[in-house]
Amino acid sequence: MDGEDRRLDPLQSFTVNSFKLDPVKWRDLVSEEESQVMLNSFFNTQDYWTLFICQHPESGLSFSLHFPTNVQTKVICVSKTGPGVLTKENTRESLIIQEVQGEDTLSFIIAVSEQVTCPLLSNPETSSTWAAGVAEEALRFMGRQKNEALVMKAHIEGQTFLPHPGALHDDALHDDTQKLSDMKLLHSCDSMIIEWAELVSEFLQQHSSQPVLDGLKPLPSEEFNFWRNRLNNLHFVQQQLTSSRAQQVASIVQKAESVYWSTLRDIHRDVQEGLKEAEDVTLNLTRLQEKLEQVEQVEYQQLGPNMAAVIEEVRQVWIQSKFYCEPCRMVVLLQEICNLFIQMSRKFLRVEEVMHGLVSDPAPVLDDVRLVIQTLQTFKEAYSQCRTQLESQNQSWDFPSHLAFSHLDNFLTRLHSIQEVLCDSLQLRQLDQTVLSGVSSRMWTDVVQGVYQDFLRHVTALSQSNCDPTDPDDQSFQLHLDQFQVQVSDLDRQLVSVLSRAFEDCCVSSSAAKLVQMFRLILDRPLIKDQLHPHLIRLVEMVLVELDQTELLFFSQREKSETFSRFSPSAAARLCWTQQLRLRAEDALNSYRTVQHLCVDSGESQLVLPRFQNVVDLLQDFRDHVRLDWSRQLDSDCGFILEQPLIRHSQQGMLEVNCNHELKGVLRELRCVSREGDVELHPHTARLLTCRDDITHSYLSLSHMVSCYNQVVSDVLQVELPLIQDQQHDLNQTLSVLQTNTWSYEGVQQLVEQQRERVLMFHSTVSKARANMDDMTGIIQGWAELHLLQHSGESLLEGGASEQSYRQIREEGQQLLLLTQVNRSLYGTEDSSESWIRYLDHIDDQLQHGLFQLLLRSLRLLSDSMNPQTCRGPLVAVRLQLQETGSVFEPSVGSDLLKTIITDIYRAASLPARISMSRHDNIQKSLQQSPDLTALEQEVMHHVVQVKEEAERLRAGLERYSYLWQSDRKEMMQEFLTYSRQLGADKLEAEEAPPTLKDFQREIESLHRLSREVTHLDDVIILNGWLQVDLRPFRDSLLSIIHDWSHMYTEYLLDSVSDSLQQVSRHADDDDIDDDDDDDDNKASSSSLPLTETILLLEAAGIQLPEHLSAQLQC
């Protein structure tokens, strides 16, 4: 049949709507050869009454003449309502099409058979028109189909269903004779017993080890479920065998003496034995199941402590169960428990984290892998202990252990491989920040970094492989792992080359030890360890050489005093030296310990510790001898110190601590003794050591006291000495007690403190007075640095003396008086005492000297600033002014030019009050009589006279322009208009000649040249290097005068232009004038200046015509 067969229309419509199929897929399905065979068998024969249409996730849509198994999706069931061939006319009436879920398919078949097909076939009215035997055959077929469905449904539910003969009816129970004679019924019962025997035998032959034999990895839960389901199924079979129908079958075959009666009894026996076995096994596995369920709930870190309890439950099953104590079953159970622990371990490790940890941070993953390995090893150890215990009880497990742990051992092997990779990653990651030192350090460091980068590339490639490293059956990961190990071995060989060169560059054991410490994890790798073994042995040899050198140094230097420190006692220095030698030996030993675990079996390694102990023993013997001699000599020195007085007077009259150097040496040795701790103490040493802190404190106090006293005495001034003599005499009397008491005196610390307070008080008083004296000296000396003169603008004349300097001198003078009063209080003297008067006179002398230096500096500064050879710039500024009387200087350059400044300088000496009580004259008057100051003042006045002469010569040179401001411009203009020039001495002999335009042009150009000349005069002129003359006022006034002269001429020309334009205008307005008049006008016009040339001359002179003249000119 093909896709165009009309009988398929109901199926196509229902199937396409139910599965929401594309019609093309339906046509492709029915066009397949296998589908056409099934459709022909269903539509054209009477052998098949049901057709199934289902859709599998893998294979897609398909037809089936038998009920599909393991189908979870919906199934379309197509059933016939009667026998015969289906045609396109009766197809819709003869088919029942229904959609059911996959698990309800068998229930649907059973329901259709019981409620539809079988009642329909059993109805005589329905089958009256059929051929003989067709209805019976169809009924038997549907009965078989229903029984198969019931058996299959029970099988799916984990039960064994025993079908009943179809010919067995309830009414047959009442007629035994008829039943016995019914051979068909007997045959049906015999067939059912055979089928029962097959079903029960098939069920009883099922074994929990079948998943293991099939290559699966079942868990203990499957074992527990197997026996629980087996027990439930056996109860279900037993119920069926004891049912009324099963008893009826048994009665029929027994009475008929059928050969299958014994078979039925065997079935009963096998079921009973199976029940006993299942009940025993289920009971004994319950505690193990509960324990494993508890174990599954705990954290993986707590799994190890529970392993022994799990094995103990397994042992109890072996001991207590009558049916489960078989090696094969115990092997299967142990394998399933191993599978459970493997599953928990893989879940704990997480594949993604294992692969990611290879690249990012292998340490946490490595810890997890080690935990898993340790946990699983704990399980195997618990198994071994349990097996040993059973052997001692003659109940041993007589099966090889590898049968139970083969999969677990494979998993552990894989974990060890992962652990090795993680260790490699952790070890080689320390190369990241490695920096080597030596001759070729940069090159070898680059090689190491290259090795590290290659390793990162390899480990990244391994982590990116799409494999499950925790699955021992995944061989692809093992291939990647083998390739990675080859790559790492190559990197190890490169590291061996680099490290060999690095070890060769090490000349001492400490540098080699640092190299070992730097690569401590790398050196544990087998290949690197084997290749570098000669270099490690060389390190051990260097350690032995350094120990020999330490011993040789000890023997060669122990008798030389210059060997020891000059800043420590000889004995202490010897002990310190031997301690340094010991530390040197210990450093060599520490270098050896870094490689001790790498070369334990070498002969050189066995010599290091005895050699080190020999050196230590030599040093210790020497130290014991030094301590013995030291304790004797120190006791003698301490006895000497205890008998010495505390202080004494030196030959220079100063105080000093008695036996200063010896005391400091003893104290230093006592400090060394207390640090050593194992030096024998004799009586004097012990006594001094017990009070060492007190003596040290007293010695420091005495040293401070003596220093303060000597400072006062050595720095005393002659005028100060009478003021402190009485205090010093009293202090010397009190200090005499320190010269009579020794260091053995009991109250030496209190005594020293009392005297120290008196000396410090005396020192403080004198120090404060001297500090005040220093302040006064500083104030007075500071005056010499004052800038007494100041500039105001460009002139020193306007500034004069600085008022700020005056105020400072005045205020500091008052401060001097105040400080003298403070010192009088400190010295405790009277104003009338002779010593105090001399003290004030001393300060007053300093005051007068300071003021003298101030005046001297100021006058010298003024003189130097006026000297042409030493001046650095203008000192005084004046201006040259042009007045009606002529040019004058402002201010005037004369003898009074700097008189005010000199007066201000001398005035500074009158500002501070006198300090002396016996001197009352004025300091200023005294200083004015000083020859040095007078000489400087005369030198300044000499410079003033010189600059005055220069100023007069400058003014005389500018007198050449005097005619400009001295002449009368109106008179001069009148002369020009009369004679066309300026008259001089020949005024009476000149002839009148009116000026022409050329004469005007000559005068104007002459004034312009004069203006340019004046403009180029200097703004400022420096005379003698210090007098600045400002010519700008004079120049500006002179230019103004020249401008007035020029304006006089141009104004006349403008008037001329104006007159000419007025004449031209009047001439144009008079139209009736005759020719004679015209000749007269032309003559009059020619007598004036030419209009056009006059305008051009004005423009050349820079004069613009007024607007009214410009307007007339345009008209």
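Two strands pair if DSSP finds at least two bridges between them, and the strands themselves are DSSP runs (E, at least two residues; helices are H or I, at least four), numbered from the N terminus. With that in hand, β1 and strand β2 (residues 60-64) are joined by five bridges and run antiparallel. The model looked at here is a predicted one, so local features need pLDDT of at least 70 and side-chain atom pairs count only at pLDDT 80 or more, while totals for chains, interfaces and linings use all residues. Residues are numbered from 1 along each chain as its sequence is written, and side-chain values use heavy atoms, with hydrogens and water left out.

Back to β1. Cys 54 sits opposite Ser 62 in β2. Strand β3 (residues 74-80) is joined to β1 by five bridges too, again running antiparallel, and here Phe 52 faces Cys 77. Five of the seven residues of β1 (residues 50-56) are buried (under 20% relative accessible area, with a 1.4 Å probe and protein chains only), so the strand is largely enclosed by the rest of the structure.

Further along comes an open sheet of four strands, in the order β8-β7-β10-β9, with mixed pairing. The edges belong to β8 (886-890) and β9 (1020-1023); each has a single partner strand, so one side of each has no neighbour in the sheet. From one strand to the next, the twist averages 25 degrees. Four bridges hold β9 and β10 (residues 1027-1030) in an antiparallel pair, with Ile 1021 partnered by Val 1029 in β10. Helix α36 (residues 931-957) packs on this sheet and touches β7 (876-883), β8, β9 and β10; contact here means heavy atoms within 4.5 Å.

Then there are the helices α11 (residues 220-241) and α15 (residues 327-349), which pack at about 135 degrees with their axes 7 Å apart. Such axes are lines fitted to C-alpha atoms, for helices over the stretch in contact, and angles run from 0 to 180 degrees between N-to-C directions. Pro 220, Glu 223 and Trp 227 of α11 meet several residues of α15, including Arg 329, Leu 333 and Ile 337.

Methods
Buried means under 20% relative accessible area, exposed over 50%, partly exposed in between (1.4 Å probe, protein chains only).
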